[in-house]
Amino acid sequence: MTGSTVTSLIFVVAAIIVGCGGSTERPPPAPTGTSPALPSPESYAAQLDSEERYWWQRPERVVELLRCAPGMTVVDLGAGTGYFVPYLSRAVGLSGRVLALDVDPAMIDTLSRRVVRERLHNVTAVRVSDDDPALTPRSTDRVLVVNTWHHLENRTAYAEALGSALRTGGELLVVDFTEDSPKGPPESHRLPPGQVLSELRQAGFEADLVEAGLPYQYVVRGRVP
């Protein structure tokens, strides 16, 4: 990946700006070669966890589609401030494990405080690089990637790494913005679901578009045969 990708991936979770006409990305990265002035995650955490986001993100529905079960190990890739972490924690139960991954150390600090504050004892926040999820082979049952897939470069290679981490029958769920959504990244950065399907299939997944019922997003499921 390029150096600019590292900076871009610092903003992997969509920040929620109230109002359908507003941007839903985190603040844009600094130009290449400059030092990015990153805002504190706490400064926009309230927007990330807003009731307005709950309406359109439908976290319970997304976790339902992930088909978790007690005792599973689940990865939240691009976890940000941990919006999905409480839902995933409940889904896998005390005998399960949630790995919340992000590339930004400030996000990991914020997420770690949330884990302590909300007593999410089965959740671990882990900082990773932008080109390697650093997961042990065949260690994971499910991977959730929300509002993040379009940020990745070399997506097929990244999908191969995720596929290697998943156990046989394991599943990857990609949730991203439709081309006509009023929220999400600039149109030029959006990926049609057919492209995501192709990338996952090239990486060895069985992949299908899922009927999710989300107002602004599509869902693609990949399965390790």
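These legends walk through several close-up views of a predicted model.

**Reading the views.** Residues are numbered from 1 along each chain as its sequence is written, and side-chain values use heavy atoms, leaving out hydrogens and water. Because this is a predicted model, local features need pLDDT of at least 70 and side-chain atom pairs count only at pLDDT 80 or more, while totals for chains, interfaces and linings use all residues.

**View 1. The whole chain, with its confidence.** Let's start with the overall picture. The chain holds eight helices and seven strands (DSSP runs numbered from the N terminus: helices are H or I with at least four residues, strands are E with at least two). Of its 225 residues, 54% are buried (buried means under 20% relative accessible area, exposed over 50%, and partly exposed in between, with a 1.4 Å probe and protein chains only). The average pLDDT is 84, and 78% of the residues score at least 70 (pLDDT is the predictor's confidence in each residue, from 0 to 100). Over residues 1–38, though, pLDDT stays under 50. Where pLDDT is low, the predicted coordinates should not be read in detail.

**View 2. An open sheet of seven strands.** Follow the strands across and you get the order S3-S2-S1-S4-S5-S7-S6, with mixed pairing (two strands pair if DSSP finds at least two bridges between them). Strand S3 (123–127) and strand S6 (206–210) are at the edges with a single partner strand each, so one side of each has no neighbour in the sheet. From one strand to the next, the twist averages 20° (axes are lines fitted to C-alpha atoms, for helices over the stretch in contact, and angles run from 0 to 180 degrees between N-to-C directions). Strands of a sheet pair through backbone hydrogen bonds, either parallel or antiparallel.

**View 3. The S3 end of the sheet.** How do S2 and S3 run? They run parallel, and five bridges join strand S2 (residues 97–102) to S3. If you want a spot to look at, find Leu-101, which stands opposite Val-126 in S3. Helix H6 (residues 105–117) lies across S2 and S3, at about 170° to S3.

**View 4. The S6 end of the sheet.** Here S5 and S7 run antiparallel, joined by seven bridges, and Val-175 stands opposite Val-219 in S7. S6 and S7 also pair in the antiparallel sense, over five bridges, with Ala-207 opposite Gly-222 in S7. Their hairpin has six residues between the strands, and Gly-213 in the hairpin takes a positive phi near 75°. Six of the seven residues of strand S7 (residues 217–223) are buried, so S7 is largely enclosed by the rest of the structure.

**View 5. Helix H7 and its buried side.** Which residues of helix H7 (residues 155–165) are buried? They are Arg-155, Tyr-158, Ala-159, Leu-162, Gly-163 and Ala-165. These residues cover an arc of only 155° around the axis, which puts them on the same side of H7 (the arc is that of the directions from the helix axis to the C-beta atoms). An α-helix has 3.6 residues a turn, so residues three or four places apart point the same way. The buried residues of H7 pack against strand S1 (73–77), strand S4 (140–146), strand S5 (166–177) and helix H8 (193–202). H7 itself lies across S1, S4 and S5, at about 140° to S5.

**View 6. Tyr-87 in helix H5.** Six of the eight residues of helix H5 (residues 85–92) are buried, among them Val-85 and Leu-88. Leaving aside neighbours within four places in sequence, Tyr-87 is in contact with Tyr-54, Pro-59, Glu-60 and Val-63 (contact means heavy atoms within 4.5 Å). Just after H5, Gly-93 takes a positive phi of about 70°.

**View 7. Trp-55 in helix H3.** Trp-55 belongs to helix H3 (residues 51–57). Buried or partly exposed? Trp-55 counts as partly exposed, at 49% relative accessibility. Not counting residues up to four places away in sequence, Trp-55 touches Pro-215 and Tyr-216. Trp-55 and Leu-214 are 159 residues apart in sequence, and their C-alpha atoms are 9.4 Å apart in space.
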